[in-house]
Amino acid sequence: MLHHILRTGGVVFTLFVTYLAKPGSSLFSYHPTLMTVAFTGLMTEAIFMFSKYGLAGGRLHSAKITAHWLVLMLAAVAHGVGYVTIYYNKELNSKPHYTSWHGSLGLSTSVLFWLQLSVGIFVRYPKLLKSVMQGRTLKAIHGLFGMMTFGAAMITVALGLWSNWFQDKVPKLTLYSGVGLHILLMFIVCKKFLMKYAWEIL
Ligand code: HEM
């Protein structure tokens, strides 16, 4: 039930940020829009793909895996364009890079995200690492780093909401609801991981 509420909250929030940012109105406008689409929207759906309430609920496990990485590919495209726009926007305005907590954590999240995507190939084709690691261990490590990447992304979005850009546009209640939603999403994904793999890691 809580899963449902939080996922729906994620979709509503993504639409809300898109409405606020009005993509196309400026180069900056693409950054919050695409980053929210990538993480609050698509990465959340990719993680919940394996739950029975997910987008591929009731399908074969192999179909869920395919849907998981296809949705993550879309998230990668949204993230890549969202990153380039903020970087280029700063260049155009001759502003220094990575000067805020949001910007610095955003860079770390982005590195983690792309590493996780690349390493995901080995989870898709575990035979590649057969001589080094068992499939089950590989999956647990993938889950651990996935949880860390998602957690870092949720904190990055929450810090993005703390920016003057967002605070100038919304009342305090909306700000706290947005931050709260991302913190809850982070905790529910941590719980999901711990329930599935904790005994494997400990
Ligand atoms: C609703 C979501 C978001 C909003 C409202 C937002 C807002 C902003 C704002 C206002 C800036 C310029 C000021 C600064 O440098 O801190 C910025 C920069 C930045 N953002 Fe975001 N952001 C969001 C999501 C994200 C996400 C999810 C990531 C990464 C995963 C991210 C990565 C970055 C980076 C790396 C910079 C600094 C770029 C540079 O200094 O060249 N942002 N963001």
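The ligand is surrounded by 26 residues, the closest of which are M35, S100, G103, G106 and G160; a residue is near the ligand if its C-beta atom, placed from the backbone, lies within 6 Å of it. The structure is a predicted model, in which local features need a pLDDT of at least 70, side-chain atom pairs count only at pLDDT 80 or more, and totals for chains, interfaces and linings use all residues. Residues are numbered from 1 along each chain as its sequence is written.

Which helices supply at least two residues each of the shell around the ligand? They are α2 (30–48), α3, α4, α5 (135–161) and α6 (164–167), where helices are DSSP runs of H or I of at least four residues, numbered from the N terminus. The largest share comes from α4, with six residues. By class, the shell has 13 nonpolar, 12 polar and one charged residues. Here Ala, Val, Leu, Ile, Met, Phe, Trp, Tyr, Cys and Pro count as nonpolar, Asp, Glu, Lys and Arg as charged, and the others, Gly among them, as polar.

Two packed helices are described by the angle between their axes and the distance between the axes. Helices α2 and α3 pack at an angle of about 160 degrees, with their axes 8 Å apart; the axes are lines fitted to C-alpha atoms over the stretch in contact, and angles run from 0 to 180 degrees between N-to-C directions. This makes α2 roughly antiparallel to α3, a term for angles over 145 degrees. Residues in contact, with C-beta atoms placed from the backbone within 7 Å, include L34, M35 and A38 of α2 and L72, A75 and H79 of α3. By class, this contact has 15 nonpolar, five polar and one charged residues.

The axes of α3 (residues 61–92) and α4 (residues 101–124) come within 11 Å and cross at roughly 155 degrees, so α3 is roughly antiparallel to α4. W69, L72, A76, H79 and Y83 of α3 meet S110, F113, L117, G120 and R124 of α4.

For α2 and α5, the axes come within 11 Å and cross at roughly 145 degrees. P32, M35, T36, F39, T40, M43 and I47 in α2 meet G146, F150, A153, V157 and G160 in α5. Eight residues of this contact are nonpolar, four are polar and none is charged.

The protein averages a pLDDT of 94, and 98% of the residues score at least 70; pLDDT is the predictor's confidence in each residue, from 0 to 100.

Definitions and conventions. Angles under 35 degrees count as roughly parallel, over 145 as roughly antiparallel, 65 to 115 as roughly perpendicular and the rest as oblique. Two residues are in contact if their C-beta atoms, placed from the backbone, lie within 7 Å.
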